[in-house]
Amino acid sequence: MSRRLSAGGFAALIGLAVLVSGGAKVGVAEPMRHVSKCRLCQKCHLSPMPPPGYEPATANDDGEAGALTAKRRLANTDSDSTAGEGMAVPKATPTRRKTGPAYDAELDPTVPIQFKPSSYQPRRQRDAQKLPVCDQCYGCEHNLTHIASATNFLNNTYINEKGATSSWIFKANTNMTPSGEAVVKLYCLPIAKRPGAKIPSCKPSRIAEIMRQLMAIDKLSVECGFTDLVPRMWLAPVKGIVPDVGYPIDWYGLWMEYVDGISLENLLHKGAPKRLPLPVIADLLNNKLNASKVVRGAVFDLLTSQCDRHAQNIFMQEDGNIKLIDNEACLQHMWRNCGFDSILVPTTQKQEIVRLANHFVLKLPVKPGTELVLPKGSADPQLLLDYRCYLPGGSETMGNSYDKDIAQCLKKITDMTPKQVRAYFDFPDVRVATNLHTRAIDMLTHGFEWAAKYGAPQNAVPKRYRLQPKCCKLAVKGWQTKCGHTWEPVWELPKGNPITGREWDKDRPDTGSYEGGTFPEDGELGRNGTARGWSGA
């Protein structure tokens, strides 16, 4: 004999079932969309299937607009609409017609998937607009979070910089590091990084080429023993949503080891709520700075022709260690008019800006009726990252005295041809491989200083600076830092336009006084400024 429930009892039972099932309807599982079938998703579950109480949305629930496959994304790389406020993907640049079929990396079976342009191609926004905004979805593999907005460093709080690049950087879960965390840099994300900023443009084929360059640099770093200085990098898919935005990501990213600490720029200029006291900064740089890593950093920057080594791209750690980040502007792959530029190495513009300040080095105009007053007496703390301060026995030159692993690496590179260098490290083209090959020969044959002064690739004459005395200790005098020992640099600059690298073309006097690339200490070679073919060391 069956028993009947009263209406109230039935309702109570339904309520209990709903509570146990997390809010799902009894007897009818809630449909949940895959993240690829949402225009935006506020919460994405890290699972290939919906959580208990939900079932995958049916074809009818999904509607006609589903996730685009890689082939469809490749065939539809243009975009004429946005996915929402502040989102867009630029139209592909039209190419000129050529006789015969043009080379297509997508069709080349020898090109790995991580170097194909489609691996960096977001979905077409016109199609994405047809999809709904989802409160929840499933199908994510990575929980992306913003890099912490603030870092505690030596008991002081620092607001982390967003960086000048338009690319987005997140922290993500991974099994590739002992900590289970890594930093992932995403290119081609069609969202403005800052309020009011333009949507970043992106050319996936160019991004794929840059990724190949970075993987070659990573292999070089391993080969030459720089992994204690340069964070490891790898390429892998990213499947997640942009935190606080919900934009779905399903393409490759650049993954990197997470680096503790803060940038040197942040340490010296952007401390919040206030900068560390100058005596604390002086103690860190005078007594804790890892001397051997400064020297190795200078070698890495010259060998790889780094052109963007400023204070934002040097991370300081509390124990005095340094890490070199953002190393893609190298070997003239991105900036063909730059030989190398690093605050770690004298003769470069960035090092001169540390010594004299940007206003003086770039020869910017002063207000009418005022004089150009040189900053004599003060010393920027960044001067202590001059590699010459840490050479054994107080030597002024490194010459050929490289660490064993670096010397072996240089020898290995010089024994190859440029084409072999390209193939071994898998550089995107033989031109950048030739630059590495030439630099390695110069550094091994003639020594570090010769390669910095006369080697190739080489900066334009108005951007080649003479060596100045080193400042290797800071002294705090009131509100400023001075050199803690006798220091008598010459306040001079090369003639010419320091921005374009060409002859002086302004309607005001050129403040330069000597021919760039000439070094009096080298005698005849220093006077005539010629480099190639000289056999002296």
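Which residue stands opposite Phe170 in S9? I started there, on a predicted model. Val184 in S9 is the one that stands opposite Phe170.

**Entry 1: the sheet**

I looked at the two strands next. Strand S8 covers residues 168-173 and strand S9 covers residues 181-186. They run antiparallel, and 6 bridges join them.

**Entry 2: the disulfides**

How many disulfides does the count come to? I get 8 disulfides.

I took Cys44 and Cys140 to begin with. Their sulfur atoms are 2.0 Å apart, and the two form a disulfide. I read a torsion of about 110 degrees about the S-S bond, so this disulfide is right-handed. Cys44 sits in strand S2 (residues 40-45). Cys140 sits in the loop between strand S4 (133-138) and strand S5 (145-146). The pair links distant parts of the chain, 96 residues apart. Both Cys44 and Cys140 are buried.

Next I looked up Cys224 and Cys409. They form a disulfide with sulfur atoms 1.9 Å apart. The torsion about the S-S bond of Cys224 and Cys409 is about -45 degrees, so I logged the disulfide as left-handed. This pair, too, links distant parts of the chain: Cys224 is in helix H5 (residues 204-224) and Cys409 is in helix H11 (residues 404-414). They are 185 residues apart.

Are Cys224 and Cys409 buried or exposed? Cys224 has a relative accessible area of 0%, so it is buried. Cys409 has 3%, so it is buried too.

Then came Cys471 and Cys483. Their sulfur atoms lie 2.3 Å apart, and they form a disulfide. The torsion about the S-S bond of Cys471 and Cys483 is about 125 degrees, so I called the disulfide right-handed. Cys471 is in the loop between helix H14 (448-454) and strand S15 (474-477). Cys483 is in strand S16 (residues 480-483), and the two cysteines are 12 residues apart. Cys471 is buried at 2% relative accessible area. Cys483 is buried at 14%.

The cut-off for a disulfide is within 2.5 Å. I also noted that Cys330 is buried, at 1% relative accessible area.

**Entry 3: Lys350**

Cys307 turned up again in the contacts of Lys350. Lys350 lies in helix H9. Is Lys350 buried or exposed? Its relative accessibility is 17%, so I count Lys350 as buried; buried means under 20%. I left aside neighbours within four places in sequence and listed what remains in contact with Lys350. The list is Cys307, Asp308, Arg309, His310, Asp341, Ser342 and Ile343.

I went through the backbone next. The peptide bond joining Ala456 and Pro457 is cis, with omega about 0 degrees. Pro457 is in the loop between H14 and S15. Cys471 is in that loop as well.

Cys188 has a phi near 70 degrees, a positive value in a residue other than glycine. I placed Cys188 in the loop between S9 and H5. Its relative accessible area is 12%, so Cys188 is buried.

Thr347 also has a positive phi, near 90 degrees, and is not a glycine either. I found Thr347 in the loop between strand S14 (322-324) and helix H9 (349-356). Thr347 is buried, with a relative accessible area of 5%.

Conventions
Residues are numbered from 1 along each chain as its sequence is written. This is a predicted model: local features need pLDDT of at least 70, side-chain atom pairs count only at pLDDT 80 or more; totals for chains, interfaces and linings use all residues. Side-chain values use heavy atoms; hydrogens and water are left out. Helices (H or I, at least four residues) and strands (E, at least two) are DSSP runs, numbered from the N terminus. Buried means under 20% relative accessible area, exposed over 50%, partly exposed in between (1.4 Å probe, protein chains only). Two strands pair if DSSP finds at least two bridges between them. Contact means heavy atoms within 4.5 Å.
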